Amino acid sequence: MHLIQVDSVQRWMEDLKLMTDCECMCILQSKPISIEKDEQNELILSSQYSTCDNLQLLLKRAWIISTELTRIAQKLEKNRWQRVHSMTVRVNCHVRSLMNEYNTFTRSSSEEMHQLEKLLIDKCSEFTAFTERCLQTEDEEILKSMKSCVNDTLTTVAQYFGQLIELVLTQEAQSLLRQMELSGSLYVTESAISSLFSLAQEGAHLCRIIAKEGGVVALFKICRQDCFRCLYPQTLRTLASICCVEEGMHQLEKVDGILCLADILTDTSHSEATHAEAAAVIAQITSPHLTFTQHLSSFLENMEEIVTALVKLCQEASSGEVFLLASAALANITFFDTMACEILLQLNAVKMLLAACSDKRIVDTPYSRDQVVTILANMSVLDQCASEIIQGNGIQLLMEMLFEKSCSGNPAEVAACERVQQKSAVTLARLSRDPEVADAAVKLSCIPRLIKLCRSPTERNNSDSVLVACLAALRRLAVMSPDGLEDSDFQQLVKPRLVDSFLLCTNMEESFV
């Protein structure tokens with residue numbers, strides 16, 4: 001509760017400037033205090049720090065306006081005309097403030113922008129006048145007939161406002177990209193990349209705008225110039241953010257981005273930080289959660305050298321963060337194409353991954369273990385993988401992963417622990433087709449642990465995916481070693497259909513364990 005109160009107060013403090021500006025605008029009717037234009041600009045600009053800060057302020061103002069428009073629609077639905085009118089006045093002032101702030105720090109706007117501003121201002125004024133007339137009318141029938149007109153006006157205001165914000169963000173992206181294109185200054189280029197990265201953090205819509213305006217092309221151009229080597233990590237980090245959208249991926253393919261990333265990864269003269277950020281871009285563009293990776297045909301052409309470089313980066317990682325980025329890229333690539341698993345096997349990657357897991361300085365979080373066990377699970381479909389895992393004491397590691405628990409209770413960490421448990425069970429199930437693996441798993445008491453995970457919901461954090469994986473692993477081990485189960489476990493967890501055992505375990509109370 002204390003944290004909630006602090007957050008609320010902090011939020012109010014952040015919004016205070018915007019809200020007081022709004023109230024001032026109401027009183028002054030949007031008229032400046034001084035008739036001297038230069039003095040006015042000097043006063044306003046004194047509170048501005050950088051393009052990035054200005055954009056953040058605009059985005060925050062835009063968020064407030066969007067929220068207010070949504071609330072107006074809700075109040076209108078309930079016929080609360082007094083609230084509708086007061087909120088309309090407030091939106092009118094916020095819109096004017098947003099335009100003043102933007103025009104102040106840009107000092108130059110396109111003709112299209114001026115036209116859109118005028119349309120929005122006129123429509124906001126019309127909206128305010130409309131709601132004021134509704135406020136003065138008490139006749140229910142007249143109000144009912146006017147309501148549809150108010151709704152239409154509200155929709156038009158929202159439409160114009162959306163177009164204005166889209167144009168503002170597009171122009172800012174264009175401005176930043178022009179700076180990167182035309183400036184030979186390291187400082188200016190770094191500042192532009194930093195602002196572009198901040199924009200990309202605002203969500204997928206901003207990433208689409210940046211990609212459409214040629215952001216990916218401009219960033220890869222920097223990555224091909226030796227004079228900007230010190231900016232490679234920052235540039236690659238920005239690329240990873242933008243390439244979460246389909247437009248970014250298409251642009252990457254058009255400029256042979258995969259080849260550029262492969263060159264960076266295989267160039268030993270680059271810093272570890274540069275290699276790590278290049279791995280992050282690879283991890284992003286090969287993510288199994290994306291549905292638009294099919295067109296990355298050039299990736300297959302460069303796969304072997306990319307995988308080799310990533311294995312080397314994992315092996316030589318100086319920190320847990322570097323290992324996480326490199327292993328995440330490898331894990332995603334094993335989903336992307338099965339040929340990657342064969343390359344990993346040839347590179348003795350299993351031995352390297354198992355050794356890394358014993359170094360708590362490198363594999364220090366459930367997120368890293370999640371990547372390792374993902375690679376092992378995908379490699380376990382290959383028959384040769386079993387002997388590699390046994391030689392590296394991998395069955396012991398998989399057993400330990402079945403006990404993965406979150407220390408912090410953080411939702412993201414809890415989810416990572418569930419994935420580790422699930423994938424370790426999947427890996428055991430796949431590998432246990434080999435009698436030698438099954439025998440090793442039985443000797444390490446994997447069967448009792450799998451039974452515990454099936455029967456105790458808290459042990460698996462009530463995860464259904466962990467339950468299914470454990471049931472599958474248990475059934476595979478039971479075939480190889482039927483003596484390892486008690487009759488009740490066999491009758492409930494192995495003998496029935498998988499779906500029946502699943503339903504039994506999901507309905508099981510803790511008191512029965």
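Start with the crossing: α6 passes α7 in a left-handed way. This is a predicted model, so keep that in mind throughout.

Where are these two helices? α6 covers residues 140-182, and α7 covers residues 186-200. They pack at an angle of about 150 degrees. Their axes are 8 Å apart. Angles over 145 degrees count as roughly antiparallel, and that makes α6 roughly antiparallel to α7.

Now the contact itself. Which residues does α6 bring? Leu169, Leu176, Leu177, Gln179 and Met180. On the α7 side, they meet Val188, Thr189, Ala192, Ile193, Ser195, Leu196 and Leu199. Sort the residues of this contact by class and you get nine nonpolar and three polar.

Next, a pocket. How many residues line the second largest pocket? The lining has 16. Nearest the centre of this pocket, look for Ser287, His289, Ala328, Asn332 and Gln371.

Which helices build the lining? Four of them supply at least two residues each: α13 (272-285), α15 (320-336), α18 (366-379) and α21 (411-431). α15 gives the most, with five residues.

Definitions and conventions
Residues are numbered from 1 along each chain as its sequence is written. This is a predicted model: local features need pLDDT of at least 70, side-chain atom pairs count only at pLDDT 80 or more; totals for chains, interfaces and linings use all residues. Side-chain values use heavy atoms; hydrogens and water are left out. Axes are lines fitted to C-alpha atoms, for helices over the stretch in contact, and angles run from 0 to 180 degrees between N-to-C directions. Helices (H or I, at least four residues) and strands (E, at least two) are DSSP runs, numbered from the N terminus. Angles under 35 degrees count as roughly parallel, over 145 as roughly antiparallel, 65 to 115 as roughly perpendicular and the rest as oblique. A crossing is left-handed if the near helix is turned anticlockwise from the far one by less than a right angle, and right-handed if clockwise. Contact means heavy atoms within 4.5 Å. Ala, Val, Leu, Ile, Met, Phe, Trp, Tyr, Cys and Pro count as nonpolar, Asp, Glu, Lys and Arg as charged, and the others, Gly among them, as polar. On a 1 Å grid over the protein atoms alone, a cavity is a set of points where a 1.4 Å probe fits but cannot get out, and a pocket is an open set with protein on both sides within 12 Å along at least five of seven lines; lining residues have an atom within 4 Å of a point.
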